Amino acid sequence: MGVRASNVTESADAEHSGHPPSPEGSAEQGALKAGLKNRHLSMIAIGGVIGAGLFVGSGAGIAKAGPGILVSYVLAGLLVVLVMRMLGEMAAANPSSGSFSTYADRALGRWAGFTIGWLYWFFWVVVLAVEATAAATILTGWLPAVPQWAWALIVMVLLTATNLTSVGSYGEFEFWFAGIKVVAITAFIVIAGLAVLGLLPGSEATGTANLTEHGGFLPNGPGAILSGMLLVVFSFMGSEIVTLAAGESAHPEKMVRRATNSVIWRIGSFYLGSILLVVMLLPWNSKAVVDEGPYVAALNEIGIPHAGTIMDVIVVTAVLSCLNSGLYTASRMAFSLGRRGDAPKSFSRVDRRGVPMIAICSSVAFGFVAVIFNYTSPDTVFQFLLNSSGAVALFVWLVICLSQLRMRPMIERDTPERHTVRMWLYPYLTYATIGLILFVIGYMFYDEEGREQMVMSVAVGAVVLALGIWLQRKHGGGEKAAEAQQAAKR
């Protein structure tokens with residue numbers, strides 16, 4: 001069953017107008033191995049929404065919007081739930097290692113799959129550099145005898161090795177990384193909840209006082225909700241990884257359906273639940289929220305000893321998890337692009353273990369270069385990389401919505417038996433989601449802090465889009481001939 005699922009997935013992935021799938025097991029384009037177990041997929045789905053940004057970056061959002069950051073998280077979480085529902089509908093019906101890039105290719109055209117695939121790859125290879133540097137900073141504090149650049153090199157080499165070994169190695173590492181994150185955030189919710197209720201020894205019930213005092217629930221006005229949303233929306237990037245990983249599992253349809261259905265409680269408990277407890281325990285304008293991080297500040301307020309060290313361990317785990325998943329995700333997107341002829345053909349080669357070695361090495365090579373720029377040109381080249389990839393999450397979500405509008409009728413017509421996940425209130429809720437994403441994009445142009453990031457992201461996106469359109473026109477004749485041949489067969 002596992003081999004069959006993998007073969008079906010990769011054949012579908014290669015099925016491109018004008019680009020028929022290569023023979024299974026050929027030297028150039030073999031099949032990815034279905035080496036991820038159900039427990040791997042389950043933990044990838046759960047851990048995908050818990051990143052270092054939650055533990056550290058959420059402090060900036062609280063400082064920006066006050067207790068109103070909860071509304072920002074509700075809006076951003078709602079957006080992710082709706083987008084994941086749409087993606088789940090397409091992925092359950094047609095699992096693919098290219099996920100939304102493959103669906104955009106079929107639904108909107110080759111230019112769309114090419115553009116969003118490469119932008120997504122670009123996003124994750126930049127993330128590799130960011131997370132490697134973050135891990136190195138903490139590890140240097142523990143062992144200052146080892147220089148920071150050496151720690152960055154060590155973590156990159158270690159996680160590259162796990163990805164090169166087998167997809168099962170990636171899954172096993174991610175299972176434990178994600179497990180630690182889940183245990184940590186669950187423990188925080190339990191301890192902080194008891195402290196809020198005054199049930200911990202030496203604690204007094206705080207109730208909801210901090211939600212309404214210190215300037216009220218919206219101390220910086222309603223507009224701060226949108227500014228806060230810009231800060232938190234990107235922390236949800238990663239929830240879609242499970243739809244890429246499902247293509248390397250024995251039962252992809254089942255796992256995608258389960259992950260999609262559970263995204264609501266995951267966001268509700270891990271994000272909203274924990275942030276609610278933070279702003280109930282501490283005044284939103286407490287200096288410690290930004291300086292120490294919201295979770296460390298909350299634990300110190302409760303009186304948990306060594307809270308900073310505990311959180312450093314958890315953050316390092318979250319960073320390593322993000323590195324592990326980022327390399328996996330970038331390599332699988334590169335592999336999918338290679339199979340569809342939108343990347344060098346060598347990206348689609350797999351070794352005898354079913355691992356796309358060249359796609360992995362190419363992705364990590366860019367990550368290494370970005371790490372070097374982070375040390376040599378942090379305020380120029382590396383800042384450009386950060387800003388030009390910053391809005392990719394919004395572009396990905398927008399393309400998922402547009403693809404689902406076109407794919408839904410195709411699924412109902414061609415594979416109705418696999419239409420096991422359905423977007424609610426189609427097409428009206430899909431249009432509403434598109435409207436919300438466009439509104440956020442527009443607000444980023446208006447917002448002083450988000451404008452530079454959006455302008456650079458749009459500029460890079462426009463270049464990739466122009467290249468995608470040129471490639472589609474260049475191969476247009478071959479695609480039309482292939483479509484005509486398929487029509488004749490039908």
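A salt bridge here is a side-chain nitrogen of Lys or Arg within 4 Å of a carboxyl oxygen of Asp or Glu. The structure is a predicted model.

Reader: How many salt bridges does the structure hold?
Author: The count rests on the distance between a side-chain nitrogen and a carboxyl oxygen, which has to be within 4 Å. One of the pairs is R353 with D351, whose closest N and O atoms are 3.0 Å apart. For the structure, the number of salt bridges is seven.

Reader: Is R353 buried, partly exposed or exposed?
Author: Buried means under 20% relative accessible area and exposed means over 50%. R353 has a relative accessible area of 32%, so R353 is partly exposed.

Reader: Is R408 buried or exposed, and which residues share its salt-bridge network?
Author: The relative accessible area of R408 is 8%, so R408 is buried. Salt bridges with shared partners join R408 into one network with E89 and E412. E412, at 39% relative accessibility, is partly exposed. The residues joined with R408 are therefore E89 and E412.

Reader: What is the distance between the end C-alpha atoms of helix α18, and where in α18 does a kink lie?
Author: Helix α18 covers residues 392-414, and at 1.5 Å a residue its 23 residues should span 33 Å. The end C-alpha atoms are 31 Å apart, which agrees. A kink of about 35° lies shortly before the proline P409, at M407.

Reader: Which residue meets R413 in a salt bridge?
Author: R413 has a relative accessible area of 58%, so R413 is exposed. The side chains of the pair meet at 3.0 Å, N to O, and the partner of R413 is D414.

Reader: Which helix gives the largest share of the nonpolar patch?
Author: The patch lies on the surface and is formed by W149, L153, V157 and Y375, with about 390 Å² of accessible area together. V157 counts as partly exposed because its relative accessibility is 45%, and a patch residue needs over 30%. V157 lies in helix α7. Three residues of the patch come from the helix with the largest share, residues 148-165, which is α7.

Notes: Residues numbered from 1 in each chain as written. Predicted model: local features only at pLDDT ≥ 70, side-chain atom pairs only at ≥ 80, totals over all residues. Heavy atoms only, no water. Patch = residues over 30% accessible without salt bridge, like charges linked within 9 Å, V, L, I, M, F, W, Y side chains within 5 Å. Areas by Shrake-Rupley, 256 points an atom, 1.4 Å probe, with all protein chains shown as cover. Helix = DSSP H or I, 4+ residues; strand = E, 2+ residues; numbered from the N terminus. Buried < 20%, exposed > 50% of the residue type's maximum accessible area, 1.4 Å probe, protein only. Expected span 1.5 Å × (residues − 1). Bend = angle between axes of the 7 residues up to and from the residue.
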